[in-house]
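The report that follows describes packing in one protein chain. Please keep the sequence and the model in view while reading.

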Amino acid sequence: MEPKVPAGVGHAEADRSGTEVDDGESTPTESRRRLLYVTLPGCWGALVFACLSFTPSLLPRGGLLQGLVCGITAAIGYGLGVLAAWVWRAFADRGPRRPSRRAWLVFAVTAVVLFAVAFGFGQYWQHRIRELMGVTEYNIPLAVLSPVIAVLVFALLVAMGRGIRGIYRWTAKLLDRWIGRSAASAVGWVLVAVLVYLVVSGLLLGGLVDVANSAFSLRDTQTPEGVQQPTTGLRSGGPESVVPWDTLGYQGRAFIGDGPSTDEIGRFAGGPAQEPIRVYAGLASADDSEARAALAVEDLVRAGGFERANLLVVTTTGSGWVDPALVDSFEYLTGGDAATVAIQYSYLPSWISYLVDQSKAREAGRDLFDAVYEEWLKLPPDSRPRLFVAGESLGSFGGETAFSGEHDLSNRTAGTLFAGPPNFNTLFREFSDRREPGSPEAEPIYRNGRTVRFTNDPESGIPPEAQPWDGNRVLYLMHPSDPIVWWSPHLILNEPDWIGEAPGTDVLEDMVWIPFVTFWQVTADLPFSTGVPGGHGHKYTTEYVDGWNAVLQPESTTAEDLATLRAVVDSEE
């Protein structure tokens, strides 16, 4: 039944009860008014979701980020409130009713009180998270401005939603000239949905990726401050190297030009040490992933990498970055009798590549290991180096793709170390989903830990400590507060086990799962996952020392040695 509209009142004004309608024949004044009006059910939904957005997630949130999350979740709540009102009226078989002034007054008073309480609790929770992680930075002005930021984001998203609805109604009205009204409505929604998808995935997302690619490709031509072209033949880009220095890229030159010296390794080892070999191929070094892997192996052979006792294959993060702590710890614990090889597959930072460059990481990880393994197999069995695999973040995803499972990792490597694995990693998900009953998702136990193990902090222990860990070892490092590990689209509508279980050491027990809200909170944590002290979030540093000690199983390393090395690695960060 159509609602009766009082004389002199626009349709938008009459419809503030919960239905946002448009007959397509409004005046310019009414059109402007329609952009500003809100419905009471939508406002209640927005208020509830805005308040819930202040609940804690994995990492500390500044005022700007909190405002963004609050605005997004409030817009979702507004839409759900409008939808709930529409469903209610459909079941009640009645049209919308204009709410009274008293209803709006009750909402306004409730909104002020609830939002103030939620804001206060939010600041308290953020203070506790900062204490857990040792974060001291706190911008009070931005925290105070977060509600303003939220309102702006909310208004922008609601306006965008109404713009999309306006396009649909215009399309349906146009189609109504040739086909029935119901068919025009259905076809209109389909056309608009396709249009929105194409705009978001093609123009918007594709455009942003192109802009990011252009920006970071320019950075890739630069060289980090203090890094010099090597004068040794043991590094790519040095004398007689088949990989030119100017093709290594920014992160490649940083990797090649860095690392502990022979004297530093010797002081740690308490005796003579060798200079480690480092090999790298950048995006400009060859045309595709397979060619870069072949070039890197050629340079590895030239430098004598297969003559060392330990050979490490690293899959980089999105931008080609190799974590210095990962490789430095490996080189120290092997006395420098080591070679490391890696290739670049993207210009983009890891958290962007994580969303749009997964296929490139997959190709790079598989191509590089296969090329190294093929050359490794040509050697006499008693002359082969111990072959190790490692990767952090998206690098762990790429590193996994060369293997089919637990036995393949154990049979074709001497050990594996992955840190901060994304939630969509194939093997990580398999091992975690099939964990022993009773073991937590934040630190799962897979088949009694016979080959694959997980730890939040290898210094304090790697469960199950009472069970034997024979043969070649596979170890995953994963912080309870790492959003890269826990982010998943499933967070939108499904509560994960790790939230329902006892929280990790750096996660508040007050964190709960809320549909839609938790997803956006963890999504907002992603870009800032490394902006916390080591040992939290997605920042892995001294954990590599104890992680490599567990995987390499060196015979003479003592607890004092490990403490010394942790201090060395920590000082280099």
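## A buried loop residue

L58 is buried, with a relative accessible area of 1%, where buried stands for under 20% relative accessible area with a 1.4 Å probe and protein chains only. The model is predicted, so that local features need pLDDT of at least 70 and side-chain atom pairs count only at pLDDT 80 or more, while totals for chains, interfaces and linings use all residues. Residues are numbered from 1 along each chain as its sequence is written, and side-chain values use heavy atoms, with hydrogens and water left out.

L58 lies in the loop between α3 (40-52) and α4 (63-92), helices being DSSP runs of H or I with at least four residues, numbered from the N terminus. Although L58 and L508 are 450 residues apart in sequence, their C-alpha atoms are 7.9 Å apart in space.

Beyond its neighbours within four places in sequence, W548 has contacts (heavy atoms within 4.5 Å) with residues including L312, F330, F388 and Q553.

## Helices α11 and α21

In the contact between α11 (residues 324-333) and α21 (residues 559-572), A325, D328, S329, Y332 and L333 of α11 meet L562, L565, V568, V569 and E572 of α21.

How values were computed:
Helices (H or I, at least four residues) and strands (E, at least two) are DSSP runs, numbered from the N terminus. Buried means under 20% relative accessible area, exposed over 50%, partly exposed in between (1.4 Å probe, protein chains only). Axes are lines fitted to C-alpha atoms, for helices over the stretch in contact, and angles run from 0 to 180 degrees between N-to-C directions.
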